[in-house]
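Please keep the sequence and the 3D view side by side while reading.

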Amino acid sequence: MKYSRRNFIKTASIATVGSFIPADILPANKSALQINDNISKIALTGNCGYDTSSVEKALNVNPAVMPLTDWKLGTSLSLTTPDIEKNMLILKEAGIDYVEVGMHSSKDMELAKIITLVNDYKKAANITGINIWSIHIPFGWNFDISLPDPILRERSRQEILLTLKLAKGLGPYQKAILHPSYEPIDEALRTAHIASFRTSMKELGPLVEEEYNVRLAIECLPRTCLGNSASEMMMLVGDIPSVDVCMDTNHLLNEKTEYFAEKLNNRIQTIHVSDYDGIDERHWLPGKGIINFPAVINALVKSGYKGPFMYEVSINDYDNDMQSFANDLVSVWKNLIKGYEAYIKREIEDK
Ligand SMILES: [Zn+2]
């Protein structure tokens, strides 16, 4: 795998990495404070020639340097995935514990059919031990909550709430992924779309949390869609704490994914992972495109990210062969862990 060092983050300190150790992965006799203290001492020796044995020791005692082995894998799946129980079992046995369910619009499918599929899904998840982490709310003009026209916006609001009602049978799950707009967004109307979106979120965020016990996660998007940069995402949800952010690693066409991850920090509570060429979204397996995954993962670790490593890779190339798909997701993850470990070691050595 090619990992460019172009975007190497010089400023990330070892002490900062140490400060985000999840309590449940600490060695029994070490407190986060003790470990941070050890790491800080090493960091403080700076460029004055610290001896490498203390770095090696730090690598051994500090699980934050290699915490990824504790992360759980997930993948997005359509509600219409055939043979769902058989396929969930394949995922589970391969080492994938979580799924995100791509919901269908009531415009495209009869309600009774959606309800049947939801019930089948939940049953399959229970039998196979798969956790449903999130749902993906459909997108399109019918679901665009940024529309400046209040009547059309209310129609979208009703569609979103209907989806949540239908998805109740999948619960309890954690996040409902929502696109901040459809596309294309007319540049002259962009400010109006942003204002409408914000008004909607201030009302919908608390309502969804209260009624469905789920948090909306607003996804960054490519092209002219709303939320196509870190600064715009901050404008959309920065001061609305009742909603989270979903970072799609292959949606940022104007800035590096790791930049977005650093800026949005712990507002990112769920992710869609895939690779791209920087020109448009591709939903490739990580490693096929240009994303500097060690830097992206490092930013997530530092932000204290606790959600699953949720792939949103296109299954189309696999011709419905779930076994090959699952094997590839897991083996790519193992490579990403190796790449991340090497990145952290270089970071320490460069200090
Ligand atoms: Zn996505």
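Strand 1 (residues 73–78) and strand 2 run parallel, joined by 5 bridges. This is a predicted model: local features need pLDDT of at least 70, side-chain atom pairs count only at pLDDT 80 or more, and totals for chains, interfaces and linings use all residues. Residues are numbered from 1 along each chain as its sequence is written.

- Gly74 has Tyr98 in strand 2 as its bridge partner.
- Two strands pair if DSSP finds at least two bridges between them.
- Strand 2 (residues 98–102) is largely enclosed by the rest of the structure, because 4 of its 5 residues are buried.
- A residue is buried if 20 or more other C-beta atoms lie within 10 Å of its own, exposed if 12 or fewer, and partly exposed in between; C-beta atoms are placed from the backbone.

**Overall picture**
- The protein has 11 helices and 8 strands.
- Helices (H or I, at least four residues) and strands (E, at least two) are DSSP runs, numbered from the N terminus.
- Of the protein's 351 residues, 42% count as buried.
- Take the contacts between residues at least 6 apart in sequence: 77% of them join residues at least 24 apart.
- Two residues are in contact if their C-beta atoms, placed from the backbone, lie within 7 Å.

**Confidence**
- The average pLDDT of the protein is 84, and 81% of the residues score at least 70.
- pLDDT is the predictor's confidence in each residue, from 0 to 100.
- Over residues 1–66, pLDDT stays under 50.
- For that stretch the model has 78 contacts beyond four places in sequence.

**The nonpolar core**
- The largest nonpolar core holds 85 residues.
- Val101, Tyr121, Ile135, Ala176, Ile218, Val245 and Met247 touch the most other members.
- Helix 11 (residues 322–349) supplies the largest share of this core, 10 residues.
- A nonpolar core is a set of buried Ala, Val, Leu, Ile, Met, Phe, Trp, Tyr and Cys residues joined through C-beta atoms within 7 Å.
- In soluble globular proteins, nonpolar side chains tend to be buried together.
- Beyond its neighbours within four places in sequence, Ala176 contacts Ser134, Ile135, Ile137, Leu164, Val208, Val214, Leu216 and Ala217.

**Helix 6**
- Helix 6 (residues 150–167) has 18 residues, which should span 26 Å at 1.5 Å a residue; its end C-alpha atoms are 26 Å apart, which agrees.
- The expected span is 1.5 Å times one less than the number of residues.
- Its buried residues are Ser156, Glu159, Ile160, Thr163, Leu164 and Ala167.
- Seen down the axis, the buried residues of helix 6 fall within an arc of 140°, so they line one face of the helix.
- The arc is that of the directions from the helix axis to the C-beta atoms.
- An α-helix has 3.6 residues a turn, so residues three or four places apart point the same way.
- On the face turned away from the buried side sit the exposed residues Pro150, Ile151, Gln158 and Lys165.
- The cover over the buried residues includes helix 5 (111–128), strand 3 (131–136), strand 4 (175–178) and helix 7 (190–212).

- Ala112 is in helix 5 and counts as exposed, with 8 C-beta neighbours inside 10 Å.
- Ala112 and Leu166 are 54 residues apart in sequence, yet 9.8 Å apart in space, C-alpha to C-alpha.
- Ile90 lies in helix 4 (residues 84–94) and counts as partly exposed, with 19 C-beta neighbours inside 10 Å.
- Ile90 and Phe325 are 235 residues apart in sequence and 9.7 Å apart in space, C-alpha to C-alpha.
- Not counting residues up to four places away in sequence, Ile90 touches Met322, Gln323 and Ala326.

**Backbone details in loops**
- Most residues other than glycine have a negative phi, and most peptide bonds are trans.
- A cis peptide bond links Gly171 and Pro172, with omega about 0°; Pro172 is in the loop between helix 6 and strand 4.
- Another cis peptide bond links Glu183 and Pro184, with omega about -5°; Pro184 is in the loop between strand 4 and helix 7.
- Asn213 has a positive phi near 55° and is in the loop between helix 7 and strand 5 (215–219).
- Asn213 is exposed, with 12 other C-beta atoms within 10 Å.
- Asn265 has a positive phi of about 50° and lies in the loop between helix 9 (257–264) and strand 7 (268–272).
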